[in-house]
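The following exercises concern the structure shown below. Each task is followed by a solution in steps.

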Number of protein chains: 2
Amino acid sequence: MIRFAVEARDGAARAGRLHTPRGEVATPVFMPVGTAATVKAMTPEELIGLGAQIVLANTYHLHLRPGEAIIQRLGGLHRFMGWPRPILTDSGGYQLFSLAKTVRVTEEGARFQSHLDGTALFIGPEEAVAIQEALGADIMMCLDHLVSLPRPEAELAEAVARTTRWAERCLAARRGPGALFGIVQGGTSPELRARSAAELTALGFDGYAIGGLSVGEPPAATHAMIAATAPLLPAGKPRYVMGMGEPADLLAAIAAGVDLFDCVLPTRNARNGSLYTRTGKVSIKQARYAADPAPLDPACPCPTCTGYSRAYLRHLFVSNEILAMRLNTHHNLHFYLSLMAAARTAITEGRYAAFRKDFLATYQGGEQR
Amino acid sequence: MIRFAVEARDGAARAGRLHTPRGEVATPVFMPVGTAATVKAMTPEELIGLGAQIVLANTYHLHLRPGEAIIQRLGGLHRFMGWPRPILTDSGGYQLFSLAKTVRVTEEGARFQSHLDGTALFIGPEEAVAIQEALGADIMMCLDHLVSLPRPEAELAEAVARTTRWAERCLAARRGPGALFGIVQGGTSPELRARSAAELTALGFDGYAIGGLSVGEPPAATHAMIAATAPLLPAGKPRYVMGMGEPADLLAAIAAGVDLFDCVLPTRNARNGSLYTRTGKVSIKQARYAADPAPLDPACPCPTCTGYSRAYLRHLFVSNEILAMRLNTHHNLHFYLSLMAAARTAITEGRYAAFRKDFLATYQGGEQR
């Protein structure tokens with residue numbers, strides 16, 4: 001089981017520490033996304049070198065391929081992918097609603113077809129927990145009922161109610177020592193968010209996620225919902241905003257008291273040649289970098305910036321070389337992980353608001369590149 | 001300039017040492033192929049960790065993209081790609097004849113269109129040397145006239161004559177300190193090979209390649225030509241068979257007295273999931289490996305084999321993950337580089353024939369996988 005301690009507060013922002021059987025995680029923390037049991041383009045050794053403390057893996061994808069039975073037989077997900085530190089697995093809910101074909105959701109769960117080969121499959125709350133336990137996740141997520149926005153209030157209310165019923169079934173289905181997080185739903189309705197938070201808190205989870213965001217609503221509504229929901233969650237438990245976001249989004253959520261994050265943006269953007277620097281994002285494919293001898297970000301100590309020029313990074317990218325994906329991913333993850341570490345330090349030193357303001361001034365005001 | 005010393009002989013096989021301004025190269029040596037200024041999927045640090053002593057880069061590809069002017073402006077190819085050890089560049093001859101569109105070869109050189117964007121370009125002997133000097137190659141190759149096989153004797157003879165004339169122009173065009181190798185042509189005609197070797201030797205190069213092989217002739221003919229040509233080349237200069245081959249091909253050529261090799265096979269096969277082991281090649285995508293907890297090659301000390309199971313390698317490959325390309329390439333290059341190191345040791349210890357026989361017995365007699 002896990003234990004969470006808040007070590008410092010700065011306004012609503014918290015610096016915490018998550019104790020797990022596989023080691024400690026200092027929060028706020030960004031979890032690199034390892035969808036298919038690999039953080040794309042990276043080795044576990046490189047992730048550890050970057051200071052990654054915990055990664056996310058994907059229940060839906062691993063259930064489809066290679067299947068949790070194989071991973072369990074091979075000693076669990078940590079051993080399978082060579083990652084010794086904690087792993088959080090999502091429940092598959094998001095992928096069921098975004099990737100799977102011909103999904104039919106009933107009270108029982110979700111019937112769907114694999115997007116890989118069309119196989120008919122079923123995942124309900126009990127199956128979601130059983131798969132995550134077979135994988136050997138340190139932190140598991142409840143299966144939630146996700147809806148895209150906007151939706152009529154009545155539908156949102158029913159999604160909240162079903163999410164609570166499924167959360168109860170997930171709790172009852174748990175057999176092993178893995179921690180289990182509930183997921184707050186409720187769209188952009190503060191009342192429904194409050195109801196969902198209250199119902200899940202009453203059930204009692206090891207941590208709480210704020211889910212069902214970035215699914216069609218405007219960014220301001222996302223931030224408003226996070227700010228409204230976070231204070232309703234138990235102060236002594238970790239809070240997790242799923243699948244978000246750009247640096248400014250993370251810093252806003254941290255200010256609201258959120259502790260855990262995951263997002264495909266740094267890794268996916270890296271593969272698309274969009275690179276994070278202190279002064280904003282750089283599209284490395286631009287012709288202006290063709291003969292540029294400078295590092296991507298002269299102030300960045302990562303191997304990509306200390307070893308290579310923008311000209312070389314551009315050449316690799318336009319040549320579609322695998323090394324482009326590697327160097328870009330390494331850099332972007334370094335950026336996200338460093339940002340979280342700096343945010344944590346700022347919180348412990350009681351200067352988070354100034355840190356956030358300064359970062360954004362440089363990041364958003366940087367030379368337009 | 002370079003200097004070459006034969007340190008041990010075992011039959012016709014040689015263990016040598018190539019002294020270059022960027023360090024020594026112990027031969028026989030395999031040069032990983034870094035076509036576009038990157039050995040696909042690998043970092044320079046990893047190559048050095050594998051004991052790679054020299055890499056090959058591609059004049060044709062780098063001329064097209066990013067262009068030698070940019071690389072020269074950025075401090076040369078070594079600095080551009082972050083590789084501190086020697087680099088051999090091919091002349092572009094092979095790519096002109098295999099990749100470029102609408103090639104028209106005259107005595108002057110080759111007019112062609114870029115396979116990337118159709119730009120009309122020209123490379124003659126002088127241009128080939130100028131490009132390689134701009135790149136800063138430690139070893140440059142003459143532009144040769146390559147023909148696919150079979151061909152009428154008269155055409156082969158004319159290709160040999162033109163290759164000699166072009167080699168003379170390459171020598172005259174050299175301005176810098178880079179070493180220059182001549183390339184023996186002559187198809188599968190021992191007489192033409194002998195004539196080509198004699199003409200090039202008379203001109204006097206820093207080393208000699210045996211080119212125009214593996215272009216349509218049967219493998220036995222390839223080996224026969226290498227065995228017939230190698231003894232005709234100066235004993236005190238390095239001998240290089242270009243673009244070959246499988247492990248058995250390399251061992252046969254070493255027995256004939258060849259010192260340098262390059263080939264895309266280990267890296268390209270890696271990306272296709274074909275992996276070299278002591279007991280033969282493994283196609284890692286096969287279903288039989290889906291739950292196999294064993295390392296790819298239990299006797300192999302490379303990071304791929306010490307860190308991961310066949311099941312994980314298969315999963316990564318069928319999931320088309322970048323990490324599959326990385327781990328597979330790392331392993332295959334380890335295999336090739338280790339094989340060359342073992343061959344060198346066997347030569348210095350006077351047991352090369354037995355080494356080759358034992359290796360092939362295990363490799364070709366291995367469990368059919």
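**Exercise 1. State how many cavities of 30 Å³ or more the structure holds, and describe the lining of the largest cavity.**

Solution. The model is a predicted one. Step one: the structure holds three cavities of 30 Å³ or more. Step two: the volume of the largest cavity is about 50 Å³. Step three: its lining includes A:Met42, A:Pro44, A:Met81 and A:Trp83 from chain A, and B:Tyr312 and B:Leu323 from chain B. Step four: by class, this lining has nine nonpolar and two polar residues, and no charged ones.

**Exercise 2. Determine which relation superposes chain B on chain A.**

Solution. Step one: two copies of a chain are related by a rotation about an axis and a shift along it. Step two: here the rotation is 180°, the shift along the axis is 0.0 Å, and the RMSD is 0.0 Å. Step three: the relation is therefore that of a two-fold axis. Step four: in chain B, the C-alpha nearest the axis belongs to B:Ile322, at 3.6 Å from it. Step five: 100% of the interface residues of chain B are also interface residues in chain A, so the copies meet through the same surface.

**Exercise 3. Classify the packing of helices H7 and H8 of chain B.**

Solution. Step one: H7(B), residues 153-173, and H8(B), residues 190-203, pack at about 10°, with axes 10 Å apart. Step two: angles under 35 degrees count as roughly parallel, so H7(B) is roughly parallel to H8(B). Step three: the contact residues include B:Leu156, B:Val160 and B:Glu168 of H7(B), and B:Arg195, B:Glu199 and B:Leu203 of H8(B). Step four: the contact of H7(B) with H8(B) has eight nonpolar, two polar and four charged residues.

Methods:
Residues numbered from 1 in each chain as written. Chains lettered and ligands numbered in written order. Predicted model: local features only at pLDDT ≥ 70, side-chain atom pairs only at ≥ 80, totals over all residues. Heavy atoms only, no water. Axes fitted to C-alpha atoms, helices over the stretch in contact; angles between N-to-C directions. Helix = DSSP H or I, 4+ residues; strand = E, 2+ residues; numbered from the N terminus. Parallel < 35°, antiparallel > 145°, perpendicular 65-115°, else oblique. Contact = heavy atoms within 4.5 Å. Nonpolar A, V, L, I, M, F, W, Y, C, P; charged D, E, K, R; others polar. 1 Å grid on protein atoms, 1.4 Å probe; cavity = no way out; pocket = protein on both sides within 12 Å on 5 of 7 lines; lining within 4 Å. Points joined across faces, edges and corners; volume = space filled by probe spheres on them. Least-squares fit on C-alpha atoms with pLDDT ≥ 70 in both.
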